[in-house]
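Here is a friendly briefing to read alongside the model. Please have the viewer open as you go through the topics below.

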Amino acid sequence: MGWRFNRETTRIESDDPEVFVEYLAAHREEGDEFILHMQGKKIGFRTADFWKDDTSERMPDGTKVWSFDWVACRVVRWDYETRKPVTLAKEYRFSSKEEQDEVLRTFADALAVFDGNRKPDDPASIKARVEFTDRMKACIEAGELLK
């Protein structure tokens with residue numbers, strides 16, 4: 001599946017219009033958040049609960065390494081019109097290890113085209129990859145994200 005970052009919508013879009021990732025820049029105290037839209041599901045990802053704990057980094061060669069401490073998490077934003085919090089993605093549990101692996105692979109493939117720069121000069125030069133914190137790796141391996 002081909003991926004590209006649409007800077008007007010701040011979405012990472014695929015060849016399938018039903019599969020995309022919304023980028024929600026860090027706000028308040030949380031780290032960066034993303035929502036993968038896939039097969040009618042909305043699956044949240046967060047780099048860290050507190051932005052100072054975000055271990056994502058840019059490598060000397062320019063590669064952005066996104067480090068996620070939360071997968072399939074709840075994503076909430078404040079709605080200024082209603083003055084209430086709005087849940088954009090609910091906590092999710094995967095039905096199988098195969099589904100979990102497919103979602104993680106799809107998410108990693110999508111983020112490979114986005115390095116955090118909303119207006120890249122040369123989109124073809126973007127280098128990025130996804131990693132998970134040790135805590136999140138342990139959760140994934142232990143099956144804690146499964147139903």
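**A buried glutamine and its surroundings**

Leaving out residues up to four places away in sequence, Gln100 touches Phe94, Ile140, Leu145 and Leu146, where contact means heavy atoms within 4.5 Å. This is a predicted model, in which local features need pLDDT of at least 70 and side-chain atom pairs count only at pLDDT 80 or more, while totals for chains, interfaces and linings use all residues. Residues are numbered from 1 along each chain as its sequence is written, and side-chain values use heavy atoms, with hydrogens and water left out.

- Gln100 sits in helix H1 (residues 97-111); helices (H or I, at least four residues) and strands (E, at least two) are DSSP runs, numbered from the N terminus.
- With a relative accessible area of 2%, Gln100 is buried; the scale is buried under 20% relative accessible area, exposed over 50% and partly exposed in between, using a 1.4 Å probe and protein chains only.
- Glu13 belongs to strand E2 (residues 11-14) and is partly exposed, at 23% relative accessibility.
- Setting aside neighbours within four places in sequence, the contacts of Glu13 are Gly2, Trp3, Arg4, Asn6, Val19 and Phe20.
- Between the C-alpha atoms of Glu13 and Phe45, which are 32 residues apart along the chain, the separation is 16 Å.

**The largest pocket**

- The volume of the largest pocket is about 170 Å³.
- Trp70, Val71, Cys73, Glu91 and Arg93 are the closest to its centre among the 13 residues that line the largest pocket.
- A pocket here is an open set of points on a 1 Å grid over the protein atoms alone, where a 1.4 Å probe fits, with protein on both sides within 12 Å along at least five of seven lines; lining residues have an atom within 4 Å of a point.
- For the volume, grid points are joined across faces, edges and corners, and the space filled by probe spheres set on the points is taken.
- Strand E8 (70-73) and helix H2 (134-141) each contribute at least two lining residues, and E8 gives the most, with four.
- The lining of the largest pocket has seven nonpolar residues, six charged and no polar ones; Ala, Val, Leu, Ile, Met, Phe, Trp, Tyr, Cys and Pro count as nonpolar, Asp, Glu, Lys and Arg as charged, and the others, Gly among them, as polar.

**Cysteines**

- How many disulfides does the structure hold? There are zero, with a disulfide taken as a pair of cysteine sulfur atoms within 2.5 Å.
- The sulfur of Cys73 has its closest cysteine sulfur in Cys139, 12 Å away, so the two are too far apart for a bond.
- Both are buried: Cys73 has a relative accessible area of 5%, and Cys139 is at 11% relative accessibility.

**Strands and pairing**

- Strand E9 (residues 75-79) and strand E10 (residues 84-89) run antiparallel, joined by five bridges; two strands pair if DSSP finds at least two bridges between them.
- Opposite Arg77 is Val86 in E10.
- E9 and E10 make a hairpin with four residues between them, and Arg83 in the turn has a positive phi of about 60°.
- Elsewhere, three strands form an open sheet in the order E6-E7-E11, with mixed pairing.
- At its edges are strand E6 (57-58) and strand E11 (128-132), each pairing on one side only.
- Strand E7 (residues 64-68) pairs with E11 in the parallel sense over five bridges, and Lys64 has Ala128 in E11 as its bridge partner.
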